[in-house]
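Hi everyone, thanks for coming.

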Amino acid sequence: MSATLRNLEGQDEASILREIQNALNGLKFGSVEITVHNGQVVQIERKEKFRLQSNGKNA
């Protein structure tokens, strides 16, 4: 898993909402967690799960 540091200080609400939207883009299975500290969004974390389909044959 990788982390990207972004400066949220001074960002307006629209910028934070765009970051949340970016985290949701293309997500089929998983979650987006938003961490708030003292009324400020300090972290947006995306957890993605990949579901593998079985072909029905035993290995």
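This is a predicted model: local features need pLDDT of at least 70, side-chain atom pairs count only at pLDDT 80 or more; totals for chains, interfaces and linings use all residues.

Residues are numbered from 1 along each chain as its sequence is written, and side-chain values use heavy atoms, with hydrogens and water left out.

Okay, the layout. The protein has one helix and two strands, and along the sequence they come in the order α-β-β. Helices here are DSSP runs of H or I with at least four residues, strands are runs of E with at least two, and both are numbered from the N terminus.

How much of the protein is buried? Buried residues make up 8% of the 59 residues. The cut-offs go like this: buried is under 20% relative accessible area, exposed is over 50%, and partly exposed is in between, using a 1.4 Å probe and protein chains only. The protein exposes about 5,600 Å², and carbon and sulfur atoms supply 47% of that. Those areas come from the Shrake-Rupley method with a 1.4 Å probe, and for residues only the protein chains shown count as cover.

Now the helix. α1 covers residues 13-24, so to speak twelve residues, and reaches 17 Å from its first C-alpha to its last, close to the 16 Å expected at 1.5 Å a residue. That expected span is 1.5 Å times one less than the number of residues.

Which residues of α1 are buried? They are Ser15, Ile16, Glu19, Ile20 and Ala23. Looking down the axis of α1, these buried residues fall within an arc of 140°, so they line one face of the helix. The arc is taken from the directions from the helix axis to the C-beta atoms.

Take Glu19 in particular. Glutamate 19 is buried, with a relative accessible area of 19%. Glutamate 19 and isoleucine 44 are 25 residues apart in sequence, yet 7.9 Å apart in space, C-alpha to C-alpha.

After α1 comes glycine 26, with a positive phi near 75°.

On to the strands. β1 and β2 run antiparallel, joined by eight bridges; strands count as paired if DSSP finds at least two bridges between them. Isoleucine 34 stands opposite isoleucine 44 in β2, and glutamate 33 stands opposite glutamate 45 in β2.

The two strands make a hairpin with two residues between them. Asparagine 38 sits in the loop between β1 (30-37) and β2 (40-48). Its phi is near 55°, a positive value in a residue other than glycine. For context, most residues other than glycine have a negative phi. Asparagine 38 also counts as exposed, at 70% relative accessibility.

Last stop: how many salt bridges are there? The count comes to one, where a salt bridge means a side-chain nitrogen of Lys or Arg within 4 Å of a carboxyl oxygen of Asp or Glu. The side chains of arginine 46 and glutamate 48 form it, at 3.0 Å from N to O. Arginine 46 is partly exposed at 27% relative accessibility, and glutamate 48 is partly exposed too, at 34%.
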